[in-house]
Amino acid sequence: MRAKNTEQLEMELVSAKKELFNLRFQNATNQLNNTARIKEVRKNIARIQTVLTQKAAQ
C-alpha cells in the first residue's frame, strides 16, 4: 500500500467509503450476510488514512 501514490490512495479511500456506506445500508435493511465485512472495510479505511498522513508528513 505504501508503494502507491497519493492519488491512488485517495481513490481507494473514496471507493472504500462508498463500500462501507453500502454495507451499512444493507445491514440496516437486514440484507447483509457477512457482517464481519464492515469491520474489514473500516480497518482498510484506517490503513489508507494512516499511509496518507505519513506521506503528507514527509
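The following exercises, each with a worked solution, concern a predicted model of a protein chain.

**Exercise 1. Overall form**

Solution. 
- Step 1. Helix H1 covers residues 6-28 and helix H2 covers residues 36-57.
- Step 2. Along the principal axes, the C-alpha atoms fill a box of roughly 45 × 15 × 15 Å.

**Exercise 2. Surface and contacts**

State what percentage of the 58 residues is buried, and what percentage of the contacts between residues at least 6 apart in sequence joins residues at least 24 apart.

Solution. 
- Step 1. A residue counts as buried when its relative accessible area is under 20%. Buried residues account for 21% of the 58 residues.
- Step 2. Of the contacts between residues at least 6 apart in sequence, 61% join residues at least 24 apart.

**Exercise 3. Charges and the salt bridge of Lys 4**

Find how far apart the mean positions of the positive and negative charges are, and identify the salt-bridge partner of Lys 4.

Solution. 
- Step 1. The protein chain carries 11 positive and 5 negative charges, and their mean positions are 7 Å apart.
- Step 2. The structure holds three salt bridges. One of them pairs Lys 4 with Glu 12, with 2.2 Å between the closest N and O atoms.
- Step 3. Lys 4 is partly exposed because its relative accessibility is 32%, and Glu 12 is likewise classed as partly exposed, at 22%.

**Exercise 4. The network around Arg 37**

Which residues do salt bridges with shared partners join into one network, and why does the pair of Arg 37 and Glu 19 tie together separate parts of the sequence?

Solution. 
- Step 1. Arg 37 forms a salt bridge with Glu 19, in which the closest N and O atoms are 2.7 Å apart. Because Arg 37 belongs to helix H2 and Glu 19 to helix H1, this pair ties together parts that are 18 residues apart in sequence.
- Step 2. Arg 37 also forms a salt bridge with Glu 40, where the closest N and O atoms are 3.1 Å apart. Both residues of this second pair, Arg 37 and Glu 40, lie in helix H2, three residues apart, or about one turn of the helix.
- Step 3. Through shared partners, the salt bridges join Glu 19, Arg 37 and Glu 40 into one network.
- Step 4. Arg 37 is partly exposed, with a relative accessible area of 30%. Glu 19 is partly exposed at 30%, and Glu 40 is partly exposed at 43%.

**Exercise 5. The surroundings of Arg 2**

Is Arg 2 buried or exposed, and which residues does Arg 2 touch beyond four places away in sequence?

Solution. 
- Step 1. Arg 2 is placed in the segment before H1.
- Step 2. The cut-off for an exposed residue is a relative accessible area over 50%. Arg 2 has 55% relative accessibility and therefore counts as exposed.
- Step 3. Leaving out residues up to four places away in sequence, Arg 2 touches Val 51, Gln 54 and Lys 55.
- Step 4. Arg 2 and Leu 52 are 50 residues apart in sequence, while their C-alpha atoms are 8.8 Å apart in space.

Methods: Residues numbered from 1 in each chain as written. Predicted model: local features only at pLDDT ≥ 70, side-chain atom pairs only at ≥ 80, totals over all residues. Heavy atoms only, no water. Buried < 20%, exposed > 50% of the residue type's maximum accessible area, 1.4 Å probe, protein only. Contact = heavy atoms within 4.5 Å. Lys, Arg positive; Asp, Glu negative; His and termini not counted. Charge placed at Lys NZ, Arg CZ, Asp CG, Glu CD. Salt bridge = Lys/Arg side-chain N within 4 Å of Asp/Glu carboxyl O. Helix = DSSP H or I, 4+ residues; strand = E, 2+ residues; numbered from the N terminus.
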